[in-house]
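Here is a short briefing for a reader new to this structure. Please look over the sequence and the fold before reading on.

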Amino acid sequence: HEEWMDFEVCEYATVEFIAGFQREIDFTGPRAVGVARKLPYLPGGVDPENARVKAIVERIAVVGRNVTCEVGLSRVRAQLKALHDDCVRNRKRTAEIDALTKEHFMEVQVQRAIAKRQAARVNQLQGKIDRLEDAIETFWRNEPSGAKAKFEKQCERMYAIPSQQWYKVRVLVAPLPKLLRDLSSALALMFRLPSMEWKDVKLLVSDNLENSKRRDTADHLLHPYAVRMLFELKSGRWSVYDLAKSANYDMALKFMAEPDLRPDNLELEAVSIAAQEMCQWFRLAYNYVSAARNIVEKVDNLAALRLVYLQARNALDSTLDRMRTAQELYENQVALQLSRRAMCEKAEAELVRVGHTRDDALRWVEANVKTAEAEAAAAAAEEAARMDAARARLAQERADEELYRQRLAEHEEKVRVLHAAGWAQATDAESGEAYWFHMATQEASWEMPDLDAAANAWSQAQDPESGEWYWFNYKTHQRSWETPAAIADKLAKAAEERGDATAAFERPKPPGKPPAVLKALEDARVERERAEAAEEAAKAEAAAKKREARERRAKGKKGRGRGRGRGRGRGKGR
């Protein structure tokens with residue numbers, strides 16, 4: 001392999017690399033030769049930006065320039081071969097991409113032509129549909145009897161009928177009179193019901209709740225309505241053209257010929273206004289169907305054309321989708337083609353550049369030997385100075401650490417001796433500060449006790465044989481079954497202060513307040529005195545200003561009095 005294995009920069013690898021070459025004398029050993037064969041690449045993990053690494057590499061390049069140049073030339077030859085092979089592969093791949101791009105372009109053209117034909121077909125169908133719609137609309141506009149307008153007007157009148165009138169028709173019970181039976185049969189024919197019986201016709205005048213009770217499945221759950229007949233008319237389910245092609249039209253002719261089946265019949269008026277309006281609707285609907293039979297063929301042709309138009313439109317949409325997909329593929333291939341050509345041009349330019357690298361490498365090595373030696377020496381001196389400074393800092397840090405450990409050991413020894421002498425630490429419940437106390441002597445102190453005091457050297461211990469307590473001085477190693485005089489005085493003083501004979505068996509409380517609290521209190525007192533002094537000074541200054549103002553006013557009054565006296569005297573003399 002021409003290169004080392006690729007690892008991330010590692011401080012340990014860099015230090016190991018530098019240490020390995022510190023043992024080299026003339027940089028001609030096998031380690032230097034191995035590194036020189038793979039320059040400018042370095043072993044995995046070595047930091048190429050390190051100053052000492054740069055100096056070592058430059059010295060290796062200077063001393064082993066012959067090896068470096070030979071390896072560099074072989075690397076350039078291999079690079080030339082790799083670039084040449086890459087150019088051949090790029091040219092082959094470029095030809096394949098060009099062929100594929102041309103294929104996608106042809107597919108786009110084909111789909112565009114198909115879409116153009118289909119769009120023309122859609123426009124042609126749309127034109128036919130528009131002409132048929134215009135013909136149908138013209139027929140109804142010019143129809144002499146005005147059957148459609150009259151029918152629509154009658155539907156509007158039926159929409160305005162109150163629900164009570166529909167209820168009167170709904171409550172009719174079979175068997176019906178002949179007139180109502182004829183009206184029921186006529187409505188059954190116009191709405192193409194399965195039978196002419198009243199139980200089926202009654203569904204037309206009932207609401208969705210009543211129809212659901214009679215198990216009528218015609219939208220009574222999906223669409224709430226008050227009258228099913230009006231719902232079918234509004235929703236467009238009733239089709240005049242379907243009825244015109246049905247045999248029901250011929251069957252309804254006999255009901256049109258009935259002389260009693262007229263909207264002005266008093267028998268219908270006695271039943272309900274809704275019955276009269278339904279009779280009128282039947283007659284107008286029959287006339288409307290009669291007129292629609294003249295153009296029913298055109299309507300059928302229009303429906304067929306709309307179906308064909310919908311199919312053509314779907315086919316056009318599919319073609320447009322395929323054309324867009326082919327266009328996207330074509331654009332992607334064009335972009336890939338441009339990218340591949342740029343890669344080919346770059347590889348060929350690199351091939352030309354590397355062709356001149358061999359001679360340039362030789363000239364560069366010979367021209368920069370002296371510069372490399374000087375830079376390597378300067379870098380080595382700079383690195384040595386940096387290492388010396390680092391060693392000095394390390395020595396100072398070790399000395400500081402040793403001093404800290406020594407002071408810590410002294411403090412721990414002092415605490416151990418205090419504990420041996422019967423002293424212990426506790427936390428004040430009020431201030432939260434720690435203090436020292438001696439249970440035997442009933443002493444307490446915010447500061448660490450002085451071990452040189454004679455009374456502080458006594459502590460109590462228990463005789464293992466008799467179980468009795470005795471006093472022991474850890475400084476003089478003196479033992480006593482009696483309480484020493486210094487300890488007795490302190491115990492008596494503590495009992496007198498507390499007024500309690502059991503003072504020797506209770507933990508002593510800290511003397512007063514902690515130093516931090518005392519300092520805060522003292523600072524507050526000083527600040528309060530300063531504020532009071534400032535306030536007194538302000539009051540004195542205000543009083544002085546008032547006195548000056550009174551004196552000025554008094555002087556002004558005296559001056560005005562003298563002036564008035566002199567003015568009167570002059571007047572009398574004249």
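The model is predicted. It has one cavity of 30 Å³ or more. It also has nine aromatic pairs. The count of disulfides is zero.

**The cavity**

- Rolling a probe the size of a water molecule over the atoms shows where empty space is left.
- The largest cavity holds about 110 Å³ of space.
- Helix 7 gives the most, with four residues.
- Among the lining residues are Leu180, Leu183, Ser184 and Leu187. Trp198, Val201, Ala275 and Met278 also line the cavity.
- The lining of the largest cavity has 11 nonpolar residues, one polar residue and no charged residue.

**The second largest pocket**

- About 400 Å³ of space lies in the second largest pocket.
- The pocket lining counts 19 residues. Nearest the pocket centre lie Trp140, Lys148, Val240, Tyr241 and Tyr288.
- Helix 4 (65-142), helix 5, helix 11 and helix 16 (296-355) supply at least two lining residues each.
- Helix 5 has the largest share of this lining, at five residues.
- By residue type, the pocket lining divides into 13 nonpolar, one polar and five charged.

**Aromatic contacts**

- Which residues do ring pairs link into a cluster? They are Phe139, Trp140, Phe151, Phe191, Trp238, Trp281 and Tyr288.
- Trp140 and Tyr288 from this cluster are also among the residues nearest the centre of the second largest pocket.
- How are the rings of Phe151 and Trp238 placed? Their centres are 5.1 Å apart and their planes meet at 25 degrees. Planes under 30 degrees apart count as stacked, so this pair is stacked.
- Phe151 belongs to helix 5 (residues 147-159). Trp238 sits in the loop between helix 10 (228-234) and helix 11 (240-244). The pair therefore ties together parts that are 87 residues apart in sequence.
- Are the two partners buried or exposed? Phe151 has 6% relative accessibility. Trp238 has a relative accessible area of 11%. Buried means under 20%, so Phe151 counts as buried and so does Trp238.
- A charged side chain also meets a ring: Lys234 lies over the face of Tyr159. The distance from the ring centre is 4.8 Å.

**Cysteines**

- A disulfide needs a pair of cysteine sulfur atoms within 2.5 Å. By this rule the model has zero disulfides.
- Cys155 is buried, because its relative accessible area is 6% and the cut-off is under 20%.
- Cys279 is buried too, at 0% relative accessibility.

**A strand residue**

- Where does Tyr435 lie? Tyr435 is part of strand 2 (residues 434-438).
- Tyr435 has 4% relative accessibility, so it counts as buried.
- Tyr435 and Ser445 are 10 residues apart in sequence. In space they are 5.9 Å apart, C-alpha to C-alpha.

Definitions and conventions
Residues are numbered from 1 along each chain as its sequence is written. This is a predicted model: local features need pLDDT of at least 70, side-chain atom pairs count only at pLDDT 80 or more; totals for chains, interfaces and linings use all residues. Side-chain values use heavy atoms; hydrogens and water are left out. Buried means under 20% relative accessible area, exposed over 50%, partly exposed in between (1.4 Å probe, protein chains only). On a 1 Å grid over the protein atoms alone, a cavity is a set of points where a 1.4 Å probe fits but cannot get out, and a pocket is an open set with protein on both sides within 12 Å along at least five of seven lines; lining residues have an atom within 4 Å of a point. Grid points are joined across faces, edges and corners, and a volume is the space filled by probe spheres set on the points. Ala, Val, Leu, Ile, Met, Phe, Trp, Tyr, Cys and Pro count as nonpolar, Asp, Glu, Lys and Arg as charged, and the others, Gly among them, as polar. Rings of Phe, Tyr and Trp (its six-membered ring) pair if their centres lie within 6.5 Å; planes under 30 degrees apart count as stacked, over 60 as edge-to-face and the rest as tilted. A charge sits over a ring if NZ of Lys or CZ of Arg is within 6 Å of the ring centre and within 35 degrees of the ring normal.
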